[in-house]
Amino acid sequence: MSRTLPYSSEKITMPNSAKYWEDRYQQDQTGWDLEGPTPVLQAVMATISKDARILIPGCGLGWDGEALHKAGYRHVYLSDWAESAKRAFLTRVPDFPEDRFLTGDFFTWSTESPWIDHFDLVLECTFYCAIPPEKRENYVQQMAQILRPGGQICGLLFTFPLTDQGPPFGGSTEEYRQRFSLPFELTALRPHPLSIKARADKEVYFCATLQSL
Ligand SMILES: C[S@@+](CC[C@H](N)C(=O)[O-])C[C@H]1O[C@@H](n2cnc3c(N)ncnc32)[C@H](O)[C@@H]1O
């Protein structure tokens, strides 16, 4: 499959089930996968303490998680709905603690008490664009629950127009400014020089801090 992104030429609706995503992995329809870490996220990681509690939701094959783990970050958590993604990751990175790769629907597990106020940093990369757009407000609320006050969510968001076709579903800087307003404060929303070439004019880097209210 071509790696020219946004991540797929096929437009399939109803990405709202484990089976949908499981099938994509089993049928090798994973055009979003960079087969290595995301340069922008690597740059963010370089500024973060090795003791930070970091989550990558919808991590897929987990290349950024692998890079964090191998660089000595001690509290890395990954999450994905597709069991195949977890299996592939653990085969590649067998010394990663299995219980830190959380499966199940993010919108369900992230409301459970161990995770409330838990994370210092959430790294976003092609998860927001993969969920049904009607869940976006829910996404922001969940992030506000699982981050500690002062914690941050940083990563990449697409800027091609939002339509009913997807995933990937698009968005706009206007939307992101509004979504990551109180209880968040947006501290960055701009193109990033390390965006991969195929996405450079289609994504922005963003970072938002959860306010202590
Ligand atoms: C487009 S892929 C991106 C994967 C990875 N972030 C990357 O950039 O390679 C979206 C991922 O989100 C996962 N996903 C979608 N909805 C989810 C949900 N509700 N809970 C957990 N994971 C979900 C899918 O299984 C899939 O692996």
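1. Helices (H or I, at least four residues) and strands (E, at least two) are DSSP runs, numbered from the N terminus. By that convention Arg136 is found in helix α6, residues 136-146. Arg136 is partly exposed, because 18 other C-beta atoms lie within 10 Å; a residue is buried at 20 or more such atoms around its own C-beta, exposed at 12 or fewer, and partly exposed in between, with C-beta atoms placed from the backbone.

2. The model is predicted: local features need pLDDT of at least 70 and side-chain atom pairs count only at pLDDT 80 or more, while totals for chains, interfaces and linings use all residues. Residues are numbered from 1 along each chain as its sequence is written.

3. Seven strands form an open sheet with mixed pairing, in the order β3-β2-β1-β4-β5-β7-β6; strands pair if DSSP finds at least two bridges between them. The edge strands, each pairing on one side only, are β3 and β6 (184-190). Strand β2 (residues 75-79) runs parallel to β3 and is joined to β3 by two bridges. Leu78 has Phe101 as its bridge partner in β3.

4. Helix α4 (residues 83-92) has Ala85, Lys86 and Phe89 as its buried residues. Seen down the axis of α4, these fall within an arc of 100°, so they line one face of the helix; the arc is that of the directions from the helix axis to the C-beta atoms. The exposed residues Arg87 and Thr91 are on the face turned away from the buried side. The buried residues of α4 pack against α1 (18-26) and β3 (101-102). Phe89 lies 27 Å from Arg136, C-alpha to C-alpha, and 47 residues from Arg136 in sequence.

5. The largest nonpolar core has 45 residues, of which Ile54, Leu55, Phe119, Val122, Leu123 and Leu147 touch the most other members. Such a core is a set of buried Ala, Val, Leu, Ile, Met, Phe, Trp, Tyr and Cys residues joined through C-beta atoms within 7 Å. Strand β5 (residues 147-158) supplies the largest share of this core, six residues. Beyond its neighbours within four places in sequence, Leu55 is in contact (C-beta atoms, placed from the backbone, within 7 Å) with Tyr77, Ser79, Phe119, Val122 and Ile146.

6. The ligand is surrounded by 19 residues, the closest being Trp21, Gly58, Gly60, Trp81 and Phe106; a residue counts if its C-beta atom, placed from the backbone, lies within 6 Å of the molecule. Twelve residues of this shell are nonpolar, four polar and three charged. Here Ala, Val, Leu, Ile, Met, Phe, Trp, Tyr, Cys and Pro count as nonpolar, Asp, Glu, Lys and Arg as charged, and the others, Gly among them, as polar.

Methods. Two residues are in contact if their C-beta atoms, placed from the backbone, lie within 7 Å.
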